[in-house]
Amino acid sequence: MTDTDIIAIYGSTDKYNFHSHTQFCDGRVDMEVMTRAAIDAGMQHWGFSPHSPVPFESPCNMYAGDVETYLSEVERLKGIYGDRISLYASMEIDYLGDNWGAATPYFRNLPLDYRIGSVHFVPSDKGYVDVDGSFESFKVKMAEYFSNDIRHVVNLFYHQSMAMVEAGGFDIIGHLDKIGHNASLFRPGIEDEDWYCRLVNDLIDLVIEKDIIAEINTKTYVSAGRFFPSLRYWQRLADAGVKMVVNSDAHYPERVNLGRDAAFALLKTDNSL
Ligand SMILES: [Zn+2]
Ligand SMILES: [Zn+2]
């Protein structure tokens, strides 16, 4: 599957979702249950995208030793459900600097249909810290690792994201301003601050320049009323001709389509608004 195939699918009337999590990482059900839920929801294309292995212990990420089993499970499910839904083997690959990310040989050599590049971890003096979890855990980490310096953490997130886009090796950038969720709970209004907007816009500049597909992630639309990226950036993405796919980032079978219809009500299949 190439970027052209992804674009053809989102440009069609086919129902798709390219971002989901199951038993190999922090998803709540196994791939077969998720596949059946996707079929029941009328999906014609479904991408599995477990959180990639990382070189340290992380409860949310898959083990490198499970990758082969994961890939063969996709093949097994294709054999059973392939006449009802097109299934794809992907991965949401964490970027951890020059030595770990979609651009590195290990990930480049995996037989994946497409790759999502995402930042969930930022560096600290004591190693990489997951800043993507619940706000409760974010607050604890802000105190423990970053002396509650939210601007520093936001800077780290966008600099990691820009370095990831520069390095390349992936097709879709996942939830490109995800830090905005926890950051704005930590400091309400932070996403309206000029320096913050500049960071998002700098990242978007790079996404445009590198011609990467941007994801509209709908995972927290129902719970928190927001998309990633924030709706305020969609017009700019659309005007620049950025290709956008709408993904639910489902971790639960009842959420395979959660928030997607709300996004499509705003976004036409040709990515205009
Ligand atoms: Zn993610
Ligand atoms: Zn995800």
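In this predicted model, Asp 177 is placed in the loop that runs between β8 (172–173) and α7, where helices (H or I, at least four residues) and strands (E, at least two) are DSSP runs, numbered from the N terminus. Asp 177 is buried, with a relative accessible area of 0%; buried denotes under 20% relative accessible area, exposed over 50%, and partly exposed in between (1.4 Å probe, protein chains only). The side chain of Asp 177 reaches the backbone nitrogen of Ser 230 at 2.9 Å. When residues up to four places away in sequence are not counted, Asp 177 touches Phe 157, Tyr 158, Glu 191, Tyr 196, Arg 226, Phe 227, Phe 228, Pro 229, Ser 230 and Tyr 233, contact being defined by heavy atoms within 4.5 Å.

Since Glu 92 lies in strand β4 (residues 92–94) and His 120 in the loop between β5 (116–118) and β6 (121–124), the pair ties together parts that are 28 residues apart in sequence. Glu 92 is buried at a relative accessible area of 0%, and His 120 is likewise buried, at 4%.

Ser 90 is found in the loop between β3 (86–89) and β4 and, at 0% relative accessibility, counts as buried. Neighbours within four places in sequence aside, the residues in contact with Ser 90 are Phe 48, Ser 49, Pro 50, Tyr 70, Leu 112, Tyr 114, Arg 115 and Ile 116.

The axes of helix α5 (residues 135–146) and helix α7 (residues 179–186) come within 10 Å and cross at roughly 70 degrees, the axes being lines fitted to C-alpha atoms, for helices over the stretch in contact, with angles from 0 to 180 degrees between N-to-C directions. Phe 135, Phe 138, Lys 139 and Met 142 of α5 make the contact with Ile 179, Asn 182, Ala 183, Leu 185 and Phe 186 of α7.

Residues are numbered from 1 along each chain as its sequence is written, while chains are lettered from A and ligands numbered from 1 in the order in which they are written. Local features need pLDDT of at least 70 and side-chain atom pairs count only at pLDDT 80 or more, whereas totals for chains, interfaces and linings use all residues, and side-chain values use heavy atoms, with hydrogens and water left out.

Note on methods:
Polar contact = N/O pair within 3.5 Å; in protein donor to acceptor, adjacent residues only side chain to side chain.
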